[in-house]
Amino acid sequence: MLRLIKWMIGWYQRNISAFRPATCRYTPTCSNYMLEATERFGAAGVLMGLARILRCHPFVKGGFDPVPEHFSLLRNKIK
């Protein structure tokens, strides 16, 4: 199942995201965030990635938001 999710993210990055202008408000991008969260937390990483996508909208400041060390659906607060 995780292989399928990683394949779908890679397919999106190669076939859709590569041909669109960069619009993600966060660094790393939402697709890279979901890929790293899935590798680190397994299926729970998918939930983290979906929460990140829901946070990525025109009214958010954005910025650097890496995958946290521990599972969380909230934004990673970097000090």
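I16 sits in the loop that joins α1 to β1, where helices (H or I, at least four residues) and strands (E, at least two) are DSSP runs, numbered from the N terminus. Welcome to a quick tour of a predicted model, in which local features need pLDDT of at least 70, side-chain atom pairs count only at pLDDT 80 or more, and totals for chains, interfaces and linings use all residues. Residues are numbered from 1 along each chain as its sequence is written, and side-chain values use heavy atoms, with hydrogens and water left out.

**Confidence**

- The mean pLDDT of the protein chain is 88, and 96% of the residues score at least 70; pLDDT is the predictor's confidence in each residue, from 0 to 100.
- Helix α2 (residues 30-41) has the highest confidence in the protein chain, at 93, while β2 has the lowest, at a mean of 88.

**Overall fold**

- The protein chain has 3 helices and 2 strands, and from the N terminus on its elements follow the order α-β-α-α-β.
- With a radius of gyration of 12 Å, close to the 12 Å that the globule rule gives for 79 residues, the protein chain is as compact as a globular protein of that length. The radius is taken over C-alpha atoms, and the globule rule is 2.2 Å times the number of residues to the power 0.38.
- The C-alpha trace spans about 35 × 30 × 15 Å along its principal axes.
- Of the 79 residues in the protein chain, 32% are buried. Here buried means under 20% relative accessible area, exposed means over 50%, and partly exposed lies in between (1.4 Å probe, protein chains only).
- Among contacts in the protein chain with a separation of 6 or more, 54% come from residues 24 or more positions apart; a contact means heavy atoms within 4.5 Å.

**Surface and the nonpolar patch**

- The protein chain has an accessible surface of about 5700 Å², and 64% of that belongs to carbon and sulfur atoms. These areas come from the Shrake-Rupley method with a 1.4 Å probe, and for residues only the protein chains shown count as cover.
- M1, L4, W7, M8, W11, Y12 and I16 make a nonpolar surface patch of about 760 Å². Patches are made of residues with over 30% relative accessible area and no salt bridge; like charges are joined within 9 Å, and nonpolar side chains (Val, Leu, Ile, Met, Phe, Trp, Tyr) within 5 Å.
- Y12, a patch member, lies in helix α1 (residues 2-15) and is partly exposed at 31% relative accessibility.
- I16 is also in the patch and is partly exposed, with a relative accessible area of 32%.
- I16 and A37 are 21 residues apart along the chain, and their C-alpha atoms are separated by 21 Å.

**Salt bridges**

- The structure holds 3 salt bridges, each defined as a side-chain nitrogen of Lys or Arg within 4 Å of a carboxyl oxygen of Asp or Glu.
- Side chains of opposite charge can pair when their charged atoms come close.
- R40 and E36 form a salt bridge at 3.0 Å, N to O. Being 4 residues apart in helix α2, R40 and E36 are separated by about one helical turn.
- R40 is partly exposed at 37% relative accessibility, and E36 is partly exposed at 32%.
- R52 and D65 form a salt bridge at 3.8 Å, N to O. R52 lies in helix α3 (residues 43-55) and D65 in the segment after β2, so this pair ties together parts that are 13 residues apart in sequence.
- R55 and D65 form a salt bridge at 3.1 Å, N to O. R55 lies in helix α3 and D65 in the segment after β2, so this pair ties together parts that are 10 residues apart in sequence.

**Two prolines**

- P28 is in the loop between β1 (26-27) and α2, and the peptide bond from T27 to P28 is cis, with omega near -5°.
- P68 is in the segment after β2 (63-64) and is buried at 9% relative accessibility.
- Not counting residues up to four places away in sequence, P68 touches Y33, R40, F41, M48 and N76.
- P68 and P28 are 40 residues apart in sequence and 12 Å apart in space, C-alpha to C-alpha.
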